[in-house]
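Subject: Structure handover

Hello,

Here is the structure I said I would pass on. Please open it next to this email and follow along; my notes come after it.

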Amino acid sequence: HSTPAEMASQEEKDKSDENLAFSRWRYKHYFKFIASKGKNVHVMCTLCPGVKTLSTSVVSNSNLMKHLTTTHASTKLVAKNTSTSDDSTPSTSKEEGLGAKSPKQQKLELSASQQKPMTQAEVNRMIGRYVVGRMLPLSTVEDDSFRAIIAKIPTKAGACAPCAKTFAKYLDAEVGLLSTTADIWTAHNRSYLGVTAHWLDPHSLERKKAALACRRFKGRHTYDSIATELDNIHSSFSISNKITATVTDNGSNFVKAFKVYQPVQDDDSGEEEEDDDVTFVDLHDALQDMNVEEDVVTLPPHHRCASHISNLISCSDVDKWLISKPGIKVVYRSAISKCTALWNKASRSTVAAEMVDEVLERKLLVPCTTRWNSFHDAVARVCEFPIAELNTISYNFGLKAITDREYQFLREYCTVLKPLTVALDILQGEDNCFYGTLLPTLETLISKTLNLKTGLQILGDLPEAVVKAIKTRFKEVLESETAIFAAVTLPRFKLRWLRTQERKDSAKASLLAECRKSAQDEDQPTGTNTPTRSLSTDSAIQDEFFSFEEEEDTSTSVESQVADYLKSGAQGMDSLNRFPVIKNISLKYNAATPSSAPVERLFSLGKLVFTPKRNRLTDKRFEMLLLLRYNQWFEGRLHFLVGYTTDT
């Protein structure tokens with residue numbers, strides 16, 4: 001007879017055995033349970049001749065499934081239902097005849113799509129969206145209760161919840177060409193360098209995004225420190241040679257970093273022939289120089305944020321022009337000062353806010369210092385009210401009344417700068433805003449602003465000043481061939497945004513040349529491999545040598561493809577699938593965004609994570625929480641996540 005202690009120990013062992021993943025496995029009848037030691041389960045295969053002992057994890061049967069699919073690939077596997085009310089030894093198979101009555105937990109109302117067995121890829125995607133969306137640690141997939149829930153889901157043979165190591169590998173995937181945005185954010189006396197990635201899905205041609213890093217940035221924000229940290233982030237994801245451009249603001253440190261650390265072009269072909277003198281070099285110094293230059297910092301091409309440039313035009317250039325005109329300077333300052341007094345009074349006093357609601361029946365918008373659009377919207381809201389009602393509010397607040405000339409100035413100010421605000425909102429978009437949107441937006445902005453000259457009494461010359469500022473600050477973009485390729489390869493624009501036929505013909509010729517170059521680059525790998533193939537006959541050698549017809553056919557195909565693309569009336573991105581050469585060019589040049597607004601949105605989320613009450617968060621933990629929060633909105637597979645370990 002067993003003692004009570006031995007019986008309790010046996011019951012505890014039986015209960016732990018029931019919680020093993022092996023005990024609930026549908027293919028366990030092909031194995032005989034031996035023992036459970038620590039985190040491993042030892043079994044014996046009943047299909048193998050002799051004694052074949054195997055081991056697997058207590059939370060995963062992947063090793064045993066791999067053994068069945070490889071060693072016994074010719075054997076047709078039959079899955080059998082399991083029950084939690086089995087005997088304590090998992091190797092028993094008497095539950096196979098007791099599967100007539102299913103447990104109550106399985107009586108669920110499932111839709112037709114849920115009843116369809118899920119594949120391993122679908123299971124991984126579902127678990128990934130849950131774990132990342134809820135910001136859970138990767139070790140969640142090894143939790144017994146979590147795996148028990150997943151086991152209730154109808155799956156195809158072999159599909160199950162992965163272990164933490166396999167799940168971490170699943171989260172890591174690669175894409176083709178992409179772009180990044182970068183900026184530095186400071187909060188609670190700490191600085192962080194944020195980087196986001198953006199690319200086009202090669203199948204759906206939809207904009208995709210991901211946060212790559214938000215790392216602690218210590219020390220001064222010098223250009224060399226920024227370049228080193230950016231290069232480290234790009235290298236850690238192995239995307240340095242895939243980035244088409246990096247978008248930042250116009251800070252002098254960022255601009256200098258990308259100017260200094262661009263890849264060096266080797267153009268010293270003729271220099272060595274000119275120097276005939278022999279120069280002796282110390283071997284020790286040469287080896288030291290090699291070690292120093294081993295880790296060379298290189299950065300991708302740089303795009304300046306179009307939104308930041310637009311802000312500079314509206315705040316700096318327009319303000320300088322208004323102050324430079326003596327007759328307008330006085331009206332400008334007095335009108336803005338009176339509006340500022342109204343905003344301050346209405347936002348700082350509850351009594352004043354209630355009075356505004358009673359008289360105007362709407363609230364006054366208060367501008368934000370970091371967003372110029374908010375200043376324009378606040379002035380536009382003031383202009384929506386009759387001047388009599390505004391003066392009533394000013395009188396009740398004890399403020400000076402707005403004059404008719406000041407009121408006219410505010411209305412004309414909003415009229416002239418309205419197209420700039422619309423363009424700024426377009427360029428700050430993220431989901432459907434491509435780099436090719438920049439040039440058509442600027443061309444339309446210039447045209448609409450010039451059309452506002454008529455009908456202005458006070459600010460009649462302001463439209464020309466705004467257009468001059470646009471052409472000056474965006475001079476590099478307006479002359480960029482890259483921006484033209486990006487715009488022309490967007491079905492929404494093509495050549496329609498160009499005003500003259502001469503510019504349309506020039507853009508079409510440039511697109512045709514780029515398409516020919518792209519087609520030749522695609523054919524180049526095949527051509528370079530041809531010498532390695534064995535040519536057994538003279539005719540084969542001649543066919544390989546003479547290839548005039550193939551080149552002519554390729555050129556004709558490219559020309560017809562460009563012509564068909566420009567004639568097609570489709571404006572959706574999916575129409576590019578019919579023009580593969582143009583699609584490849586669009587994927588390359590439209591990967592970038594016009595502005596660095598995405599990384600600013602990353603920092604906005606950082607304020608929600610890094611609150612004053614959580615300022616003791618470690619840098620690594622803060623980065624993990626922020627990246628998971630930013631990336632959780634992605635559907636399908638997550639392409640970029642920091643490789644956190646299972647103990648995170």
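At 38% relative accessibility, His188 counts as partly exposed, where buried means under 20% relative accessible area, exposed means over 50%, and partly exposed is what lies in between (1.4 Å probe, protein chains only). His188 sits in the loop between β4 (178–187) and β5 (190–200). Its phi is near 55 degrees, a positive value in a residue other than glycine. Glu361 is another non-glycine residue with a positive phi, of about 60 degrees. Glu361 lies in the loop between α13 and α14 (372–383), and at 68% relative accessibility it counts as exposed.

Some notes on reading the model. It is a predicted model, in which local features need pLDDT of at least 70 and side-chain atom pairs count only at pLDDT 80 or more, while totals for chains, interfaces and linings use all residues. Residues are numbered from 1 along each chain as its sequence is written, and side-chain values use heavy atoms, with hydrogens and water left out.

Confidence

The average pLDDT (the predictor's confidence in each residue, from 0 to 100) is 80 for the protein, and 78% of the residues score at least 70. Over residues 525–537 pLDDT stays under 50, and the model has five contacts there beyond four places in sequence; a contact means heavy atoms within 4.5 Å. Residues 634–648 also stay under 50 in pLDDT, and for them the model has 48 contacts beyond four places in sequence. Where pLDDT is low, the predicted coordinates should not be read in detail.

Overall make-up

The protein has 26 helices and eight strands. Helices (H or I, at least four residues) and strands (E, at least two) are DSSP runs, numbered from the N terminus. Of the 648 residues, 41% are buried. Among contacts between residues at least 6 apart in sequence, 68% join residues at least 24 apart.

Helix α24 (residues 580–589) is mostly covered, with seven of its 10 residues buried. These are Val581, Ile582, Lys583, Ile585, Ser586, Leu587 and Tyr589.

Salt bridges

There are 12 salt bridges in the structure, each being a side-chain nitrogen of Lys or Arg within 4 Å of a carboxyl oxygen of Asp or Glu. In one of them, Glu229 pairs with Arg215, and the closest N and O atoms are 3.9 Å apart. Glu229 is in helix α7 (residues 223–236) and Arg215 in strand β6 (residues 207–216), so the pair ties together parts that are 14 residues apart in sequence. Arg215 is partly exposed, at 25% relative accessibility.

Asp317 forms a salt bridge with Arg473, with 2.7 Å between the closest N and O atoms. Since Asp317 belongs to helix α11 (residues 306–324) and Arg473 to helix α18 (residues 462–473), this pair ties together parts 156 residues apart in sequence. Arg473 has a relative accessible area of 34% and is partly exposed.

Lys453 and Glu464 form another salt bridge, with the closest N and O atoms 2.4 Å apart. Lys453 is in the loop between α17 (438–450) and α18, and Glu464 is in helix α18, 11 residues apart. Both are partly exposed: Lys453 at 34% relative accessibility, Glu464 with a relative accessible area of 40%. Arg190, Arg216 and Asp619 are linked in a network of salt bridges.

Helix packing

Two packed helices are described by the angle between their axes and the distance between the axes. Here axes are lines fitted to C-alpha atoms, for helices over the stretch in contact, and angles run from 0 to 180 degrees between N-to-C directions. Angles under 35 degrees count as roughly parallel, over 145 as roughly antiparallel, 65 to 115 as roughly perpendicular and the rest as oblique.

Helix α13 (residues 350–360) and helix α15 (residues 387–397) pack at about 155 degrees, with their axes 10 Å apart. The two are therefore roughly antiparallel. On the α13 side the contact is made by Ala352, Met355, Val356, Val359 and Leu360, and on the α15 side by Glu389, Ile393, Asn396 and Phe397.

The axes of α7 and helix α8 (residues 252–260) come within 8 Å and cross at roughly 65 degrees, which makes α7 roughly perpendicular to α8. Residues of α7 that meet α8 include Tyr223 and Leu230.

Regards
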